[in-house]
Amino acid sequence: MFKLAENGTNIRTELLAGLTTYLTMVYIAFVNPSVLADAGMDKGAVFVATCLAAAFGSAAMGLLANYPIAIAPGMGLNAYFTYTLVQGMGLPWQSALAAVFASGALFFVVSVTPLRQWIIDSISPSLKLAIATGIGFFLAFIGLQNAGLIAPDAATFVKLGEVKTPAVGIAAAAFILMAALTARRMHGAILIGILAAYAAALILGMAEFSGLVAMPPSIAPVFLQMDLGALFDIAMASVILTLFFVVLFDNTGTLLGITRAAGMTRPDGSIPNLERALTADSTSVMAGAALGTSTTTSYIESAAGVNAGGRTGLTAITVAVLFLLTLFIAPLAGSIPVFATAPALVLVGCLMASAARDIDFDDVTEAVPAAITIISMPLTFSIADGLAFGFIAYAGMKLLAGRWRELPVAVSVLAILFVLRFALL
């Protein structure tokens, strides 16, 4: 089913890769309920919905597209749900869930029509490489933040963290261990680093073994609680379109970056089985809303599993099974501190950034939009916004440089839509 031999992998490697990806993203099972609780949702029920949505989405990606990419409720998207839609706009969380469902349905329509390929094929090679590089820097930024090496600052936005703390020391040592083992081409290097960091945290009393098994709470308070009647309000149109564009380009950017890192793209940079991958993404958004959680998305943390050797959908299936088990072993999964998984994000980000070497820096109209894309992703903390700035810069520069014949119609249309989106926010 997964064509392991054809993809140069085996069952052991795929299972190890799935475990690696899971360890770098399982934090969402605990963070997402806290965020959505601020929207008035039941925290225990959202925990169950988060695990089930991650299991459904990852399984869909593995079975439909045979990709080693995991899906779960997205960070940033959950913040938009709670702090913009519910607290900012005053929408009931039931109405916000309905908007998420509708955006997923729109995403599905685009995924199964030629419009999808028209959009993706219009992205220039330089922008595709910039997307992979930008995601790498974004991933590294998240990792450095989680490790405590960088911290917020009122004057300069970011600054050096408290580097003398044991957590930073453990994270730094784990990063060096991971990188060294990777250089020695040892499979499971990232997982070894994570477990070593966790062991150090246990020894120093910075983590606790909280037990193995706990029965999951009821999902009833959020399951099928979407207020679909709210979709008939004309004011919901802008909410749905915003969610649609964010999830479309978050997923597209992640797919482009991770498939390239896995060596799965074609020579022209296009993605095989793209329709199936986006179909898995879109159905996961709808399923997640029905279960009772905010928008799901392909996880950039999947790059950690790819770097551990994952090349097929068996990696994603492994993640799905582990999220189902998380329902019952939540105390154990939650005992691994975030600074133990942070080095994996930094290392994978560094490796993904190597895509920049193939960008055409001799052509200013290609190099500058690519650089804008790369810089914007980590600094706006958004793959979608980085893509938007890159598209706008690309279209504007090609047009004003007198090279409008090189500007695909799809890029022009998308650039205009991005400008309107920012103008109407």
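Helices are DSSP runs of H or I of at least four residues, numbered from the N terminus, and the expected span of a helix is 1.5 Å times one less than its number of residues. The model is predicted: local features need pLDDT of at least 70 and side-chain atom pairs count only at pLDDT 80 or more, while totals for chains, interfaces and linings use all residues. Residues are numbered from 1 along each chain as its sequence is written, and side-chain values use heavy atoms, with hydrogens and water left out.

**View 1. Helix H10, residues 236-261.** The 26 residues of H10 should span 38 Å at 1.5 Å a residue, and the 37 Å between its end C-alpha atoms agrees with this. Of these 26 residues, 21 are buried, so H10 is largely enclosed by the rest of the structure (buried is under 20% relative accessible area, exposed over 50%, partly exposed in between; 1.4 Å probe, protein chains only). Gly 263, which follows H10, has a positive phi, near 70°.

**View 2. The largest nonpolar core and Tyr 67.** A nonpolar core is a set of buried Ala, Val, Leu, Ile, Met, Phe, Trp, Tyr and Cys residues joined through side-chain atoms within 4.5 Å. The largest has 105 residues, of which Met 61, Tyr 67, Phe 81, Phe 249, Leu 255 and Phe 323 touch the most other members. Leaving aside neighbours within four places in sequence, the contacts of Tyr 67 include Met 61, Leu 255, Thr 259, Ile 271 and Ala 316 (contact means heavy atoms within 4.5 Å).

**View 3. Aromatic pairs.** Rings of Phe, Tyr and Trp (its six-membered ring) pair if their centres lie within 6.5 Å; planes under 30 degrees apart count as stacked, over 60 as edge-to-face and the rest as tilted. A search of the whole structure finds three such pairs. Tyr 22 and Phe 323 are edge-to-face, 5.4 Å centre to centre with 80° between the planes. Tyr 22 lies in helix H1 (residues 11-25) and Phe 323 in helix H13 (residues 313-326), 301 residues apart. Tyr 22 is buried, with a relative accessible area of 5%, and Phe 323 is buried at 0%. Phe 389 and Phe 422 are stacked, at 5.2 Å and 20°. Phe 389 is in helix H17 (residues 383-400) and Phe 422 in helix H18 (residues 409-424), so this pair ties together parts 33 residues apart in sequence.

**View 4. The two sides of H18.** Ala 410, Val 411, Leu 414, Ala 415, Phe 418 and Arg 421 are buried. Seen down the axis of H18, its buried residues fall within an arc of 130°, so they line one face of the helix (the arc is that of the directions from the helix axis to the C-beta atoms). On the other side, Val 409, Ile 416, Ala 423 and Leu 424 are exposed.
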